[in-house]
Amino acid sequence: MIITDLKWREMEPVSKVKFKIALRENAKTSSLLLKIETDEGISGYGEASPFEPVTGDNIEDIKAFFEKIKPELIGKNPLAIEKIHRIMNRFIVGKTAGKAAIDFALYDILGKKTGMPLYMLLGGNSNTVQSDMTIGIDTPDEMAKLAKKYVNEGFNILKIKVGLNYEEDLEAIRKIREAVGDKISIRLDANQGYDKKQTINVMREMEKYSVEEIEQPIPCWDFDGMKFIKDRITQELMMDESVHSPNDAHRAVKEEACDVINIKLMKAGGIFPALQINAVAQAAGIKCMIGCMSETRVGIAAGAALAAAKKNIVYADLDSYRMIEELEYVSGGYTQEGDIITLTEKPGLGLEIDF
Ligand SMILES: C[C@H](N)C(=O)N[C@@H](CCC(=O)O)C(=O)O
Ligand SMILES: [Mg+2]
């Protein structure tokens, strides 16, 4: 089997909700849909959803990357996934969102060739995933209103964005807890917006509201600071922007810098390196989450398949596709009832795409 062509098109999903985080205000979301064709008539699909402050690339960079890597990939066996990652990594550093799109398409082809759904191919621990729903920074009243709405839609875990204003964050969490009651899990994501002392103070206050976890409270380079925080708070501490690669995960483990790692396929460069991050974490007793950037159904299908497949991946933040209008030319992959995503039994990613 050989790759015969790479084709891509821009997707411009329309946001349904305001989404402000400590790293950015409501940037326009856009993604690239990738199709890899083979000589056996099997095609695989992938998505690149870059976010420059984290993945270091944007849509134009990724289009240029696809253009340049295309001649290197045509004629190669799409099932040789490790080899293709080696080719991509020798070709260019970074461009992880673009590499993720290629990786998803290769796994989609592998699934279609073997007749297996991706979640099964990757380990098959389960065919379902429970996802949280994320609330962007807004006034405490608006955040509490949205929290109530998501709980009414069946979500049991809320991820609340904080990190811009310590006082307002406390007020928002107080109002959210009051609005949703005691049974809902509340986790925070500060997207690097706090410093060490603020984080420790905030998390001590958060004990009153039974907040379970905080994600990436301080700048991504500060592993020492994360260890300092971890030793002083009672809740779980998650790394997100600090961990892109298996090497970063290894450093996090060695330095005992976190309890949980948020693996995002766009940061890691796809499922193949994400599996390595999870293995490093698992060997050290660190749990993982599969998160997302602004992926549509295509990228979320890949993330959900991986999250379902692996026992060590205990959390999922696979909500971006619910924050945008669904695209009429993409369907399948999974269904969602309340907060439970159920993977399709169709081979590969199991998506139906009118490319
Ligand atoms: C959308 C998802 N729930 C999320 O919060 N992802 C990121 C932020 C990505 C973005 O702004 O596009 C995260 O930091 O976990
Ligand atoms: Mg995060």
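Predicted model: local features only at pLDDT ≥ 70, side-chain atom pairs only at ≥ 80, totals over all residues.
## Nonpolar core

The largest nonpolar core contains 114 residues. Leu34, Ile261, Ala304 and Ala305 have the most contacts inside it. Both domain 1 (3-115) and domain 2 (120-353) supply at least three residues to this core.

## Helix 13

Helix 13 spans residues 297-309, 13 residues in total. From its first C-alpha to its last, helix 13 reaches 18 Å, close to the 18 Å expected at 1.5 Å a residue. Since 13 of the 13 residues of helix 13 are buried, the helix is largely enclosed by the rest of the structure.

## Shell around ligand 1

There are 13 residues around ligand 1, and those that come nearest are Thr134, Gly291, Met293, Asp317 and Ser320. By class, the shell has 4 nonpolar, 5 polar and 4 charged residues.

## Positive phi in two loops

Gln192 is not a glycine, yet has a positive phi of about 75 degrees. Gln192 lies in the loop between strand 9 (185-189) and helix 8 (196-206). Gln192 counts as buried because it has 23 C-beta neighbours inside 10 Å, and the cut-off for a buried residue is 20 or more.

Gln216, also not a glycine, has a positive phi of about 35 degrees. The loop that holds Gln216 runs between strand 10 (211-215) and helix 9 (223-230). With 26 C-beta neighbours inside 10 Å, Gln216 counts as buried.

Definitions and conventions
Residues numbered from 1 in each chain as written. Chains lettered and ligands numbered in written order. Core = buried A, V, L, I, M, F, W, Y, C linked by C-beta atoms within 7 Å. Buried ≥ 20, exposed ≤ 12 C-beta atoms within 10 Å, placed from the backbone. Domains from an automatic or database assignment. Helix = DSSP H or I, 4+ residues; strand = E, 2+ residues; numbered from the N terminus. Expected span 1.5 Å × (residues − 1). Near = placed C-beta within 6 Å. Nonpolar A, V, L, I, M, F, W, Y, C, P; charged D, E, K, R; others polar.
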